[in-house]
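Here is my note on the model, written as numbered points. Please keep the structure open and check each point against it.

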Amino acid sequence: MLPTIAREADAVVMIDQRKLPAEEVYVRCRTAAEVARAIKSMVIRGAPAIGVAAAMGIALGIRNSKSTGTQKLAAEFYKICELMAATRPTAVNLFWAIDRMKREFAAAVEVGESVDQIQDRLDQEAQLIHDEDVASCRAMGAFGADLVPADARILTHCNAGALATAGYGTALGVIRGAVEKGKRVVVFADETRPFLQGARLTAWELVRDGIDTTVITDNMSGALMRQGKVDLVIVGADRIAANGDTANKVGTYTVAVLAREHRIPFYVAAPMSTIDLNTADGDHIPIEERNAREVTHVGGLQLAPDGAHVWNPAFDVTPHHLIAGIITERGIFRPPYAESLKRGFEQVTLA
Ligand code: MRU
């Protein structure tokens, strides 16, 4: 499996997702600020992966600290947390991971741990967040595989794979789970303008796994569905509101509307850490807007004239009524989501 992100004694190491598939280059971040920059500039991206990166970045920052007392260390700690929180606003996993690190820090201070002990504790928590994410993806894969017909043509948007998580993937985890259960799967990967996560990353992962993969441009999915060539759609998520409205890579909403028109089931696969019961609905999910150059240029090539205005929202919201099920490590949630998601946090495993 792909090493998306790993901790070394003095660094957080990530595969540079801006360069794939042309180059497999690893970036070594030696400070918390470098990790924050890597998240912002999309060296690492995908909701669960940026949560893991933030946690490891915080642990690294505190490991590098020269503070000898916990009071100074606390000031440094909260500053690093702010730095991480300011990187990308939409994926709630980022804030969820930062909150976990804050809880650990507070617990350590409460029992009077030394600086060394706090450093160890934060390293362990970051690694736990990483390891739990892989386990969640595998559980999601096993649950979701049951939704996949024996012979399935699956459309996915963006990259919700090993690269977007600590490993295995959410939407691609379900696809991997189905393949592991002996199902014959072919995948259509939307190229996913403007960052091309589908063409560059999803196709790269699936081809490496020997899974039949066809890349289409984003404007082709309607034609594909109309020709009866898609059996189901599975995508990931950056934040799922309490009512089931789901923010994911821009273009997901278009695919969901098309799927409804063609009576194709549309599923979301995401860990519980992507579900945000504190956000009532999709209208309250903050949507990141990225710079114009991502739209006007591909690589060094200019596509749009100077002077044209650009709108570049990184995500859109798919309303809950278009979603057939939300696949998580605790099972598959069905509508009405306002009730099922709430119940999901109270149960260990769904039937
Ligand atoms: O801008 P990105 O590449 O971070 O957006 C990623 C997505 O929208 C993914 O679909 C989502 O984070 C789910 S990843 C398991």
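1. Helices (H or I, at least four residues) and strands (E, at least two) are DSSP runs, numbered from the N terminus. With that in hand, find C158 in the loop between β4 (151-156) and α6 (171-180). C158 is not a glycine, yet its phi is positive, at about 65°. Most residues other than glycine have a negative phi, and most peptide bonds are trans.

2. A word on the source. This is a predicted model, where local features need pLDDT of at least 70, side-chain atom pairs count only at pLDDT 80 or more, and totals for chains, interfaces and linings use all residues. Residues are numbered from 1 along each chain as its sequence is written, and side-chain values use heavy atoms, with hydrogens and water left out.

3. Now the cis peptide bonds. One runs from L20 to P21, with omega near 0°. P21 sits in the loop between β2 (11-15) and β3 (26-29). Another runs from R193 to P194, with omega near 5°. Look for P194 in the loop between β5 (184-190) and α7 (197-208).

4. Next, α1 and α3. The axes of helix α1 (residues 32-40) and helix α3 (residues 70-85) come within 9 Å and cross at roughly 15°. That makes α1 roughly parallel to α3. Axes are lines fitted to C-alpha atoms, for helices over the stretch in contact, and angles run from 0 to 180 degrees between N-to-C directions. Angles under 35 degrees count as roughly parallel, over 145 as roughly antiparallel, 65 to 115 as roughly perpendicular and the rest as oblique.

5. Which residues of α1 and α3 meet? From α1 come A32, A33, V35, A36 and I39; from α3 come I80, L83 and M84. Contact means heavy atoms within 4.5 Å. This contact of α1 with α3 holds eight nonpolar, no polar and no charged residues. Ala, Val, Leu, Ile, Met, Phe, Trp, Tyr, Cys and Pro count as nonpolar, Asp, Glu, Lys and Arg as charged, and the others, Gly among them, as polar.

6. Helix α1 also packs with helix α2 (residues 47-63). Their axes come within 8 Å and cross at roughly 165°, so α1 and α2 are roughly antiparallel. In α1, A32, V35 and I39 meet I50, A53, A54, G57, L60 and G61 of α2. The classes here are seven nonpolar, two polar and no charged.

7. Then α4 and α5. The axes of helix α4 (residues 92-110) and helix α5 (residues 115-145) come within 10 Å and cross at roughly 150°. The two helices are therefore roughly antiparallel. Residues of α4 in the contact include W96, R100 and F105, while those of α5 include R121, L122 and E132. The contact has twelve nonpolar, no polar and five charged residues.

8. Last, the ligand. How many residues surround the ligand? There are 19, and the closest are R45, Q197, D238, N248 and K249. A residue counts as near if one of its heavy atoms lies within 4 Å. Polar contacts (pairs of N or O atoms within 3.5 Å) can be listed too. A polar side-chain atom of N248 lies 2.6 Å from a ligand oxygen atom. An N or O atom in the side chain of D238 is 2.7 Å from an oxygen atom of the ligand. For A47, a polar backbone atom is 2.8 Å from an oxygen atom of the ligand.

Key. A polar contact is a pair of N or O atoms within 3.5 Å; within protein, one must be able to donate a hydrogen and the other to accept it, and residues adjacent in sequence count only if both atoms are side-chain atoms.
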